Structures are given as structure tokens and as C-alpha cells.
Amino acid sequence: MTHHPGILIIDFGSQYTQLIARRVREQRVYCEIHPPSRSIEWIREWQPQGIILSGGPNSVYGEGVPTADPELLELGIPVLGVCYGMQLLAQLSGGTVVRASRREYGRADVRLDIAAKLFEGFALGETTSVWMSHGDHVDIAPPGWHVIASSENTPIAAMVHESRPLYGVQFHPEVAHTPRGSEVLANFLFAICGCSPDWTAEHFVEEEIARIRELVGPTTRVICGLSGGVDSSVAAALVHRAIGDRLTCIFVDHGLLRLHEREQVERTFRQNLGIDLITVDASVEFLGDLAGITDPETKRKRIGHRFIDVFEREAKAVGDDVGFLVQGTLYPDVIESFSPTGGPSVTIKTHHNVGGLPERLPFKLIEPLRELFKDEVRQVGRELGLPEEMVGRHPFPGPGLAIRILGEVTQAQCDLLRQADAIYLEEIRAAGLYDQIWQAFAVLLPIRSVGVMGDERSYDQVVGLRAVTSRDGMTADWFPFPHDVLAEISNRIANEVPGVNRVVYDVSSKPPATIEWE
């Protein structure tokens, strides 16, 4: 296997695993998340510069819990165990892990008792605030390991092997609630693993262009399913940089787009980027497939299958020499597609770019962004010279308005939601808040409410507003709008969108909610 050198993160099911990856990437060091089912042979072949064992919800002494091959500690590769990862290191090395007398969740003060590379820059005896989240702890350190930090409730808060580059911390350095956690991770990456901070947008573009050229060859044509969103736009621009006019983009208007979105896509790609673009109006077909359907997973699958059908039809018109299909799959899509034990995972929602492609699809996939988080995609877009209005655009799901209309999708419902959503985004921009928000959109709820409009009783539909802040979409907090902005948005929607008499604002974070409603 060939990849950029970096850190291997083994995921034992922690809600924070993706944050570990984000913090490593922020240090400009490449990393990947993989399940603990990866074999020692696979790890050797991957050739990591260092390994991080994540936290997890299990007890290392439980039955059937995810574990690691003890040989992992014999490879000579630096290892950092975090929470469950540290307890696993202790168990594999002959230490004792037990249920704590009381669960520790929240802030704690950890004191550095012994100097170690992992805490370079920290003073001996210094106390630093960290975030704990554990019900078990290491009760007896393994033979050959030294305790280097402790807290009032956790006598072994960090430990190190006396002769090997093996470290464990009971706290979570990856979360913002551990103020100096980035220093701990940086020490592991650079002082211990010897990584280089060379994972940059410029470096990625150079490597990916070379990889695409080698993969595609000198004559094969490539098609790209263009949605107009950031991901597919950056993917298309990257492939276009690599192979030029051998790329043809196919933009399928499924009738589920935002207001004026089709016109914006055509203008940007044809006039600004000079990319060959085919536009297909298949709205009648898609809306026909969705008639009477209310289940969100069924909506996604029907849209996905119809998209492939339309794509195959249009691709044939491009020519017989088409061999590859470009998709804007991102790393969070890939991460969420396997479970921490390597087995079947619970499906929260089907990602439109991962899996589900019919076996008959006659193209090989090119997914140039599947190693990147969303903010990294934006950086790559800027490196490629894409306009900021495109690069900074809020995410938009592949199934479009179909999963923002809760209930049956009809032409009338799409038109209503399009108008409400356009007003919402227009007011956000007018207030100068658009770039402070990760994603904002309107949702049409499957309920009606009583209202009074023009001194008459109304019984109309309800629009929900969603706006969140996030770094990568893995976690998110609701955006605290000024009340006067919300009031203006609500007033305009109720007065300008026929059929709506009530507007509500969603104040749920992710988790426990997802960003999209379906």
C-alpha cells in the first residue's frame, strides 16, 4: 500500500476518535483511523511513524471487547494510549486495570511527577487541567513502566515504558477541555515519533495530481458527478488540473436543489473554470421515484439509484473511452462507514458517496478527497484557485431538499422550502454571519399549526431553521443568533412564503442530534 507517511490511529469506539485525527492533522501531520481488527502484518506494511490507541466505551477485562496483538508493543514504533488505549497498554504489559471507586467525568488537575518527552515544556510538580472520562483505571502499573503523572482521583494518570517509546495517558488530550492537550500531542508527534509537519494543501495537491495522472493514464476519459457543493467542486477542479479536457462533469438537476443553484453551477464551471459540463434535467424522474415515500433511508436509496441510472445514460453519450467516475467522498464519510470492532456498524444515515453503487457500474472510482476533512477540502480548493464564494459555501447533502422535507416530497413542497431557505440564507448574509456558521438551512416539518393571518384563522405548515458551528462536521453546536436576526428571518418567511405560518429554531447540538434532520 502507498500513502503519505504519518500516524495510525486505532479506533476502539471513542466518541473522540475523530478529534484525535483532527488534532494530528492540525499539526500538519498525516494520519488515518482504522479498526483494531487490522493485523500486525497490515500495520507493518502501513509503516506508521507512530500509533495512537483511542479511548472506548468498554472495559479491557470484559468479554469479547476489542483488543490489540501484544506484538504491537514489540515493533519499535512509538505508541500513545489514550484512556481505554492506556488501560489496554497496561493489560497487555502485565498491569492491573480495575473498576474505579467512582466514575471520573469532567475536568481534573493532573500533576507531572517525572520528566518525560511526552510532557516536554511542562514543569515538574506543575498542575495542569485535563478532561477525564472513564469508569476504569490502571490500579497497578505494569513491570518496566513508570508513573509520570497523577491526579487526586487517578494515581496513574500517565505512564511511560522505561526503555521503549510507549506512553499512556488516562485523560483526553484531543479535546478542547484539555487546554495543553495540543502540546502533549505535538510532543508525541515530533519529539517522540519524529514526524515532519508537511501535510499541507500544496503538498496534497501535488501528490494527488501525480496519483490521478498515473491512475488514469494518458488517454482515458473521466466523468464527474457534480452537485455544485464544495466537495464535488473541489474534486472536479483537482481532477481537471491533472488531466485537463479529458474530464467531463455531469450535473444532474434532480429537482431538489436550492433556489437558482443550477444557474450558479453552470456559470461557475463553464465560464470561470472552463470545464466541460453537461446539465441534465431529471427532476420528473426523481420526484416520481419519491412519490408517497416518507422514510429518509428509502429516500436516500431511491435518489442514489436513480442518480446512477441517469449517470450511466449520460455517460454513454460522452463516449466509450470513459473509464473513471469522480466522487467527492470525504474522510468523515469513510470513518463512519465501519465500526470500531471491524464488524457491522449501526447505520445512522446512509452517506450518498459511500457504498451502495450497483455492481453493474462500468467505471472505476476516483475519490481524490477521501483522505480529507471538510476544512482541509476548503484549503485545497483555495490552493486550486477556486472562488471564495464556492470554497466557503455551506455543505449541501447529495439528496438535496428530499431529506429537508420531512414527509413526502412533492414539487409544491420543494418550491415552498426553496423560497424559505433562500430568505434564511439571504438574511444570514445581510447580517454578516454566513462565514461564522458551518451550515445553515431550513427544514419543512411534517406538521401544521394554527395561526392568525389577516385576522383570519390559518392552519399552515411549519419551517424549522438549523444553524451550527463546527470544525469538521463530526461534532457541532447550534449557532446563537442575535434575537433581532431571528425575528427578521421569521417575519419574512411567514409573510413572504405562502403556506407557512410558524417558524421554529433548532437548538440541538451534535451529538445527540445530527446536523441534518434526516
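Is Cys 195 buried or exposed? In this predicted model, Cys 195 is buried, with a relative accessible area of 7%. The structure holds 0 disulfides. For Cys 195, the closest cysteine sulfur is that of Cys 193. The two sulfurs are 5.0 Å apart, too far for a bond, because a disulfide requires cysteine sulfur atoms within 2.5 Å. Cys 249 is likewise in no disulfide. The nearest cysteine sulfur to Cys 249 belongs to Cys 224, 4.4 Å away. Cys 249 is buried, at a relative accessible area of 0%.

An open sheet of 5 strands shows parallel pairing. The strand order is E12-E11-E10-E13-E14. Strands E12 (276-281) and E14 (364-366) form the edges, each pairing on one side only. Neighbouring strands are turned against each other by 30 degrees on average, direction ignored. Strand E13 (residues 322-326) pairs with E14 in the parallel sense over 3 bridges. Phe 324 has Lys 364, in E14, as its bridge partner.

Two helices lie across strands of this sheet. Helix H7 (residues 261-272) lies across E10, E11 (247-253) and E12. The angle between H7 and E12 is about 165 degrees.

The count of salt bridges comes to 30. One of them joins the side chains of Glu 261 and Arg 393, at 3.0 Å from N to O. This pair links distant parts of the chain, 132 residues apart. Glu 261 belongs to helix H7, whereas Arg 393 sits in the loop between helices H12 (388-391) and H13 (411-430). Both residues, Glu 261 and Arg 393, are buried.

Glu 285 takes part in salt bridges with Arg 306 and with Arg 313. The Glu 285–Arg 306 distance is 3.3 Å, N to O. Glu 285 lies in helix H8 (residues 283-290) and Arg 306 in helix H9 (residues 296-318), so this pair ties together parts that are 21 residues apart in sequence. Glu 285 is partly exposed, with a relative accessible area of 25%. Arg 306 is also partly exposed, at 22%. In the Glu 285–Arg 313 pair, the closest N and O atoms are 3.2 Å apart. Arg 313 lies in H9, so its bridge to Glu 285 in H8 ties together parts 28 residues apart in sequence. Arg 313 counts as partly exposed, at 41% relative accessibility. Elsewhere, salt bridges that share partners join Asp 253, Arg 262, Glu 266, Arg 270 and Asp 281 into one network.

Methods:
Residues are numbered from 1 along each chain as its sequence is written. This is a predicted model: local features need pLDDT of at least 70, side-chain atom pairs count only at pLDDT 80 or more; totals for chains, interfaces and linings use all residues. Side-chain values use heavy atoms; hydrogens and water are left out. Buried means under 20% relative accessible area, exposed over 50%, partly exposed in between (1.4 Å probe, protein chains only). Two strands pair if DSSP finds at least two bridges between them. Helices (H or I, at least four residues) and strands (E, at least two) are DSSP runs, numbered from the N terminus. Axes are lines fitted to C-alpha atoms, for helices over the stretch in contact, and angles run from 0 to 180 degrees between N-to-C directions. Contact means heavy atoms within 4.5 Å. A salt bridge is a side-chain nitrogen of Lys or Arg within 4 Å of a carboxyl oxygen of Asp or Glu.
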